[in-house]
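Me: I'm new to reading models like this one. Could you walk me through it, feature by feature?

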Amino acid sequence: ALGGFLGGRPPAAPAAPAVGAASVAAVAAALTPSEYDFLACAADVSDEALLRGERGMLRRMAKEFLEQDRALWAAEGGYAVRVTRMHRLDASPKNHILCG
């Protein structure tokens, strides 16, 4: 599966998103640069104690949102990407991985 990528070219891009699908432009329209930076700071946590409780749940949701946004950005740039998680899930608080 990595052969094409290791040869210097990314894998073929997926089909163009359907009308109404999420896009980087949609995210940019929903959040100001300042709000996006705030979200990124909230998501950038490596202390497991900060990922507990209600606030921790919100931090994890922010992290998931950012990883999906990064995947959209890469896909719109022509890369075939997917977001997955590192296993064991407790290996790192930052266990999301973009593969592509």
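Me: Let's start with one side chain: is R70 buried, partly exposed or exposed?

Reply: Buried means under 20% relative accessible area, exposed means over 50%, and partly exposed lies in between (1.4 Å probe, protein chains only). R70 has 38% relative accessibility, so it counts as partly exposed. Before going on, some ground rules: this is a predicted model, where local features need pLDDT of at least 70, side-chain atom pairs count only at pLDDT 80 or more, and totals for chains, interfaces and linings use all residues. Residues are numbered from 1 along each chain as its sequence is written, and side-chain values use heavy atoms, with hydrogens and water left out.

Me: Which residue does R70 form a salt bridge with?

Reply: Here's the general idea: side chains of opposite charge can pair when their charged atoms come close. The rule used is a side-chain nitrogen of Lys or Arg within 4 Å of a carboxyl oxygen of Asp or Glu. R70 pairs with E67, their closest N and O atoms being 3.3 Å apart. Both sit in helix α4, three residues apart, about one turn of the helix.

Me: How many salt bridges are there in the whole structure?

Reply: The search finds two. K63 also bridges to E67, with the closest N and O atoms 2.6 Å apart. K63 and E67 are separated by about one helical turn because they are four residues apart in helix α4.

Me: What does E67 touch, leaving out residues up to four places away in sequence?

Reply: A contact means heavy atoms within 4.5 Å. E67 touches V83, H96 and L98. E67 is buried, with a relative accessible area of 5%, and K63 is buried too.

Me: Which residues make the nonpolar surface patch?

Reply: Patches are made of residues with over 30% relative accessible area and no salt bridge; like charges are joined within 9 Å, nonpolar side chains (Val, Leu, Ile, Met, Phe, Trp, Tyr) within 5 Å. Areas come from the Shrake-Rupley method with a 1.4 Å probe, and for residues only the protein chains shown count as cover. Here M57, L58 and M61 make a patch of about 290 Å². M57 is partly exposed, at 38%.

Me: How many disulfides does a search of the whole structure find?

Reply: A disulfide is a covalent bond between the sulfur atoms of two cysteines. The test is a pair of cysteine sulfur atoms within 2.5 Å, and the search finds zero. C41 is exposed at 59%, while C99 is partly exposed at 26%.

Me: Where does pLDDT stay under 50?

Reply: pLDDT is the predictor's confidence in each residue, from 0 to 100. Where it is low, the predicted coordinates should not be read in detail. Here it stays under 50 over residues 1-20. The protein chain has a mean of 74, and 73% of its residues reach 70 or more.

Terms used: Helices (H or I, at least four residues) and strands (E, at least two) are DSSP runs, numbered from the N terminus.
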